Amino acid sequence: MTFDALAFPVIDGHNDLPWERRESHDSGVEGIDTEDGTLHTDLPKLRAGGVVGQFWSVFVPSDDPDPVRTTLQQIDTAHRIIARYPDDLAFVRTAAELRDAVDAGRIASMLGAEGGHAIGDDLAVLRSFARLGVRYMTLTHNDDTTWADSATGARAHGGLTDRGREVVAEMERIGMLVDLSHTAPATMRDTLDVATQPVVFSHSSTVAIDDHPRNVPDDVLARLADNGGVVMITFVPKFVSRAWADWEESGSEGEPPLVTVADVADHVEHARAVAGVRHLGLGGDYDGTPVLPPDLRDVSRYPVLAEELRRRGWGDEDLRALAGGNVLRVLEATDERYARSAMR
């Protein structure tokens, strides 16, 4: 079945399975084709969830002593996962390749680097990652880089430095998507001031519903309409529920508040009201967080969110845009640059 014929074709913005396999399976890639009760992600669950495209995160911690080397190891792990299951997964870099993979009944697999520390402040490394198939890079993770402020860092720069603007410009030149999840609001705004291509938030939710540092304020959401970018709503409880975030911040004592699919849908609807339906996507952060809302407990559960939104009056066209259509549009907008610079 073609991408355009699917009712809810999920292209998820962020899944940490490669790091989880490193931590729990010594970077082994066996067994992903059977249901693993300890992980959020495996091939049967992806199929059940209607996932047709996945950005696999090649994350390394920001305190890693050799982040370039470790990121290369994670890129290798992601490639080995994809190569091990050729009947189910296909390595892709462009929208056209994604469509071909979906037409062939395979899950289109792309890579995203989480945190600008991964390049070691070296644009040659950035370009090399792009040639290896890294399609986006998050400017920061949980700590500031030397050139950009993180949402949860010291925020020493006041946003994006001149070097940060140089990094953004080079990413745009080679068609690598600029990912603003994990960045401070000042970094978001500074990036949008200079961006000439659509940006993404690979896994973030909205400040208006849950005032958490990792979420996106309304003024930034509103600017996505002019930029053409996409915010991919995440399912992490502390980014979804203020009650859960307060519970964690107070020491996680007693029973945690219940977080549900309805809470996630509230973020989706708020983002639609501010940014517009053409600027929404999904970034579950599966296998990157220990806890998820029970009704979104693994990657098989995307249809539960679709059903909740249908109950709220969402039509098929808007649901398809949210699930993957908008992300596909952003890829299409940047594919020519990427193909010209990174696919030679």
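The largest cavity has a volume of about 50 Å³. This is a predicted model, where local features need pLDDT of at least 70, side-chain atom pairs count only at pLDDT 80 or more, and totals for chains, interfaces and linings use all residues. Residues are numbered from 1 along each chain as its sequence is written, and side-chain values use heavy atoms, with hydrogens and water left out.

**Exercise 1.** Find which residues line the largest cavity and sort them by class.

*Solution.* Start with the term: on a 1 Å grid over the protein atoms alone, a cavity is a set of points where a 1.4 Å probe fits but cannot get out, and lining residues have an atom within 4 Å of a point. Grid points are joined across faces, edges and corners, and a volume is the space filled by probe spheres set on the points. The structure holds 1 cavity of 30 Å³ or more. Next, pick out the lining: E172, G175, M176, L177, V178, Q197, P198, T334 and R337. Helices (H or I, at least four residues) and strands (E, at least two) are DSSP runs, numbered from the N terminus. Finally, the classes come to 4 nonpolar, 3 polar and 2 charged residues. Here Ala, Val, Leu, Ile, Met, Phe, Trp, Tyr, Cys and Pro count as nonpolar, Asp, Glu, Lys and Arg as charged, and the others, Gly among them, as polar.

**Exercise 2.** Locate the largest pocket and say which element gives the largest share of its lining.

*Solution.* A pocket is an open set with protein on both sides within 12 Å along at least five of seven lines. About 440 Å³ of space lies in the largest one. Its lining has 25 residues, and N142, K238, D285, G288 and T289 are the closest to its centre. Two or more lining residues come from each of α1 (17-25), α9 (237-240) and α10 (242-249). The largest share, 3 residues, belongs to α9. By class, the lining of this pocket has 8 nonpolar, 9 polar and 8 charged residues.

**Exercise 3.** Check the protein chain against the rule for a compact globule.

*Solution.* The radius of gyration is taken over C-alpha atoms, and the rule is 2.2 Å times the number of residues to the power 0.38. For 344 residues the rule gives a value near 20 Å, and the chain has 18 Å, which agrees.
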